[in-house]
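Let's take a walk through this structure together, one chain at a time. Keep the 3D view open and turn it as you read.

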Amino acid sequence: MLILECPYCGVKAEESELSAGGEAHLTRFGPGSSDDEFHDYLFVRENPKGVHFERWRHANGCGKWFHAARCTMTLEVFGTYSAQTTEPPQEIKDVITAKRPGWSWRNVSDETNTEGQRT
Amino acid sequence: MSTRLATRGRLIDRSKPIEFTFNGTSLRGFEGDTLASALLANDQMLVGRSFKYHRPRGIVAAGSEEPNALVGLGSNRRYEPNQRATTTEIFEGLTATSQNHWPSLEFDVGEINSKLFSRFLSAGFYYKMFMHPKPFWKHVYEPFIRHSAGLGKAPDKELQDADTYEHFYFYCDVLIVGGGVAGLQAAKTAASSGAKVLLIEEKNYWGGRTPVDGGTIEGDDAQDWVTKTVAELEAMENVILRSRCMGAGVYDHGYILGYERLTDHAPDMAGPRHRLWRIRATQTITATGAIERPLSFAGNDVPGVMLAGSMRDYIANWGVLPGQRVVVATNNDDAYRTALALHHAGADVVRVVDAREEGGGKLAEEVRGLGIRIDNGRAIAKVKDGKRVTKVAICPQNGTGGAREEIAADAVAMSGGWSPVVHLWSHCGGKLTWDAEQAHFKPDPLRAPTGADGKAFVVTAGSSSGPMDLKSVMANAAKAGINATQAVGRTAVDAGEIKTSVISEAPMLPVWLMPANADIELRMKTWLDYQNDVKVSDVQLAAQEGYESVEHTKRYTTLGMATDQGKLSNINGLAILADSLGAEIPQVGTTTFRPPYHPISMGAIGGEARGEIFQPLRKTPMYAWHDDNGADWEPVGHWRRPYAYVQDGETVDQAVNREVKNTRENLGLLDASTLGKLIVKGPDAGKFLDMLYTNMMSTLKIGKCRYGLMCSENGFLSDDGVVARIDEDTWLCHTTTGGADHIHAQMEEWLQTEWWDWKVYVTNATEQLAQVAVVGPNARKVLEKLNATAGGGLDLSAEALGFMEWADGKIGGFDARAYRISFSGELSYEIAVPASQGLAFWEALVEAGQEFGAMPYGTECLHILRAEKGFIMIGDETDGTVIPQDLGLHWALSKKKTDYLGKRAHSRSHMADPDRWKLVGLETLDGAVLPDGAYAVGEGVNANGQQNTIGRVTSTYYSANLERGIAMGLVKHGPDRMGEVIDFPGLDGKIYQAKIVDPVFYDKEGEKQNV
Amino acid sequence: MSDPVSALNGKTYSGSATVTENGLCGMIVLRGTFTDTVFQQAVRDIVGCDVPDIRKLVRSEIGSAAWMSPDELLLLVDYSQTEAKLSALRLALAGTHFMAENVSDARACFTVTGAAGREVLAKIAPVDLSPVVFKSGDFRRTRFAQIAAAFWLDEADTFHIICFRSVAEYMFNLLKTSAHPNAGVGVY
């Protein structure tokens, strides 16, 4: 049973205090979007073996939604962060790069070159 | 013969005799006995029958690894099947019954059957046998399998468990599972750092097996060291010790379950029977010890054949000598300790059969020095079948089983070497490595289970790490304590080398079959898994038939799938499989270890959740009144709502019909408190509600109400309700009873995760207010009477409060908000008052309403009234696949708004399909009530050869007002087919013919609500 | 107007700890911007204390304020003064973006007193209740078995618990079961 630290109230909450909200950083498509865009927004989701970004809600707690970056293989948690962002913050990406060099997820990835410098 | 010794028995108190019964016979034991030791003390060798062949079985082990001695314990509300005699402490009045036999344990018909048919019961028997012919499954095979499945009998379903259970959440730095010398040492080391330590032990005593085998630690006799260390730990503030508490499972992120048995040894003690510890530990040390492996020889399941170590346990712990003439069979030095213990306890060790050509070391010499004959390079060919050991045939290990010498004996002690208990290490992903020297799998510390931080969170200590000698065990345990402490950011005191006694041992020899090339006749009598009756020949057959993966072989043969999860059988089975495949054991690998380590009670898993707190029931402030006035309860989510109020002499249906008529003719009162009430406030609240509802809410005037629909992004209708504009930037949104929590959550979700720059706050005020629907021609009269008699100034006249308007004020002295809304088509007010006054307000209405014919009504009446008016109900007309257009609700879809949830989805091709089923009213030709959920059939068949359907019933009721059945349904091209008759075949065989009509059955002009 | 009635009318049980339904308590849910000085002053005026730190409850003689989330406080006042305080609060915050609602009747309040209090709660809430970790003035929202709840510990080692009114009976029975006189764990 997972433990995720709620970035809003600081509680290291066990899963029974949380509810899962699926994949993070979806872009909403509304009226005017193409059928393909809307289809992908509604139905297409990542199913990675490794680095993943998710939405969670501290439902039995402060009630806030937040994001979590974790590894679906080892269940290692790279970090949790604000729900009010459209992409993972740099410090989270840096943590993942340090632990999973060469990672990528959707259009986000390890931004360092082979020498370990950020590109 | 198995007897109680006059001396020995460190765990029993001979001054405290205890009476118990086994299969109705009264037997005696002592306090401190397990059921197993007490049975052996009474020479009860035969304790059960095996699962498949009904072979006589006796006690093999002394701990939780025991596969055979499963009994039914207790009776009536305390009866529990499949309890291990070896882990059951006896108490005065305990009743145990053996299992899996008929008519009796001694004489069993199943055994005769299996002797005749055993050749049919080989590996994969079930898969092969029950395939053909197909019709046999239902009438022959299934009843047969049901009859023979399971070992013990399930408890009577009518009898509720008499006991209570609970959970306990506990947090610590270091958890140590296992209170043997390794666990104690690890705890001592970890505790020296000041870390918060919890040490749990499944048995009711500390020290594990070391005090049985003796030796010294730090100059003390092992038992003295244990006593001293426990006292030391108990005195420390940062340490908690718990015996009778088993580490059941290790889960993600350092979550561990501890299974504490509080009253199993004293069932009359008050309080919970089991407590499930839900532990979060930063580091877990598993000091779970090792389990001895049986040897695979023919007849190794005959009662009297026991693990050598367990035999020593019975002698030392409980003063029980399991045999008088004992053969010891071994492939290692440890079993010589048993030979010594037996000899010193007065038994005749008639032979030590050592599979090793070179024989044993120092311990063997000691045994030989006592005049005991040791045969090196020899094996047991066969133990003669029967209800107990009588004869043992000895042969060369390197052979097929010929050249036998038969000796008389009444017990056999066997040792195939020791395997670390790696279960807890493995539960959460810890990997194993093969130790060729000791022929066992042991934890690989480099591949430990990892936690949330990606670092290892389990450390093994003592023999569960691999080493079996005392010196290495203690060193390993101290190191584990230091490592775990470091991992929690503390520093333990490193006490340096721990001095222990040392006895050097000769290397063991892996022996997977005795004799090495045993012929088929012997292999068919050589058991690997006692509980599931899996033999060497079964695994070999599986390999022959192509089952190369260990996971497949396990399922095909059922090896290791019994309640003991293969604690004794796994390695032996793997070795046979590897050998059959010509592979090495590590290449074959192990099956997956899954929690719990040992079966735990369902009660413990459920914890406190039983009886009145099985689940939360939500009650409105008027609940008690309803209950006192005949409410027939209906669950709506966790709420309980009155379905109808049944009066004396009425059926529920009659009550519903009475309520339906009375509300239309006089006055009905409905407790509507469960309806969701969400307050939405802020400068962007109007814009926000315009996104959530399909219709326009921002334009709603203050003081007015509007019915609104909500869709999901998929376009499907998800909730509906009346929205009221309270002030310039505040709206109150009513949701369905079931929708309150999730619509609130959904609002927060959009506000927090998509439109976080919008200035809107939401509060769920559902429970702040009690709400009563006052419905019927006399609705205004009763409210005006309340105002007149009890004071209150709220003007409820048609002029002051028009349809779909609301107003705040006093009604009969209550602070109230009145909504002039109607879900019934009648003149209707919904009045909200503070919940703390809900009951008083309700009672005031009932009393004042008497002269107007007021009667409370329940949810069924509510449903019928709305159906008579053709109003849809979320959950009836909608099921997650229905869009507003299907229900003729186009008028509620704003054309002005550029966007709202669901708008984009409504333009998807399938949503705009003219063939979608649409809402209509349905009237049976004969006035009958259509069956709920019935489908209308059309012409032709679909691709699966099933008759095509063209519609279905979504709501159907008997209308007492119209004196006939009325229904609504979704029908293909329905609104274009008014007057057509379609067929609904019922499950009762009748074809219901129904005419398609307008869904508004009653007061089509809507005159009644506008008065 | 009749006398307001709480969910369980002061029901009580004594086992390893004493469980009491506390009757009605004035409660105002206040959402707004904590860093806004107008907001801070309004809280001070209504309950006599500063905006509490994260996961804390602060008290004064006239009321308490509990940290519910980064934009939500729960103000505890005398029940009879709730509506008056609410009006004052709305007046003080007029013109800012805020929400203040009376939720007194939507809740039930309990106290658990006695040395076994920590254990009683630890059986039903996934929270570390050791004295080193959970201290007086700490406020926590979590679940109690199957329902949402909030609780805090006061200076007299009494636990105060709040849950929804509709589940008051479930909460009472839950606490009662946990406080069985023979079910002490013996760790705190």
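Predicted model: local features only at pLDDT ≥ 70, side-chain atom pairs only at ≥ 80, totals over all residues.

Read from the N terminus, its elements follow the order β-β-β-α-β-β-β-α-β-β. Its C-alpha trace spans about 40 × 40 × 25 Å along the principal axes. Chain A has 119 residues, and 35% of them count as buried. If you take the contacts in chain A between residues at least 6 apart in sequence, 45% of these join residues at least 24 apart.

Which residue of S6(A) stands opposite A:Ala68? Look for A:Thr80. S5(A) and S6(A) form a hairpin, with five residues between the two strands. In the turn you will find A:Leu75, whose phi is positive, at about 65 degrees.

Now let your eye move to chain C. Chain C has an average pLDDT of 97, and 99% of its residues score at least 70. Here you can trace an open sheet of five strands in the order S4-S5-S6-S3-S7, with antiparallel pairing. Strand S4 (57–59) and strand S7 (99–102) of chain C are the edge strands, each pairing on one side only. On average, and ignoring direction, neighbouring strands of this sheet are turned by 20 degrees against each other.

Within that sheet, strand S3 (residues 26–31) and strand S6 (residues 72–77) of chain C run antiparallel and are joined by six bridges. One pair to pick out is C:Ile28, whose bridge partner in S6(C) is C:Leu75. As a reminder, strands of a sheet pair through backbone hydrogen bonds, either parallel or antiparallel.

Helix H1 (residues 37–47) of chain C lies across strand S5 (64–69) and S6 of chain C, and runs at about 20 degrees to S6(C). Helix H2 (residues 82–93) of chain C also packs on the sheet, where it touches S3, S6 and S7 of chain C. The direction of H2(C) makes about 170 degrees with that of S7(C).

Is helix H14 (residues 536–544) of chain B largely enclosed or largely open? Seven of its nine residues are buried, so H14(B) is largely enclosed by the rest of the structure. Among the buried ones are B:Val536, B:Val539, B:Ala542 and B:Ala543, and also B:Asp538. What do they pack against? Their neighbours in chain B are helix H13 (520–523), strand S31 (527–529), strand S32 (534–535), helix H15 (550–557) and helix H16 (570–581). H14(B) is followed by B:Gly546, which has a positive phi near 105 degrees.

B:His101 counts as buried because it has 20 C-beta neighbours inside 10 Å. The C-alpha atoms of B:His101 and B:Gly152 are separated by 9.7 Å, although these residues are 51 apart along the chain.

Finally, see how chain B meets its partners. Towards chain C, 38 residues of chain B are in contact with 41 residues of chain C. Strand S9 (165–177), strand S36 (676–681), strand S40 (761–764), strand S43 (814–819) and helix H24 (838–849) of chain B each supply at least two residues of this side. The largest share, five residues, comes from S9(B). By class, this side of chain B holds 19 nonpolar, ten polar and nine charged residues.

Towards chain A, the contact takes 20 residues from chain B and 21 residues from chain A. On the side of chain B that touches chain A, helix H22 (740–753) and helix H26 (903–906) of chain B are the elements giving two or more residues, and H22(B) gives the most, with four residues. This side of chain B has four nonpolar, seven polar and nine charged residues.

How values were computed. Residues numbered from 1 in each chain as written. Chains lettered and ligands numbered in written order. Contact = placed C-beta atoms within 7 Å. Nonpolar A, V, L, I, M, F, W, Y, C, P; charged D, E, K, R; others polar. Buried ≥ 20, exposed ≤ 12 C-beta atoms within 10 Å, placed from the backbone. Pairing = 2+ DSSP bridges. Axes fitted to C-alpha atoms, helices over the stretch in contact; angles between N-to-C directions. pLDDT = per-residue confidence, 0-100.
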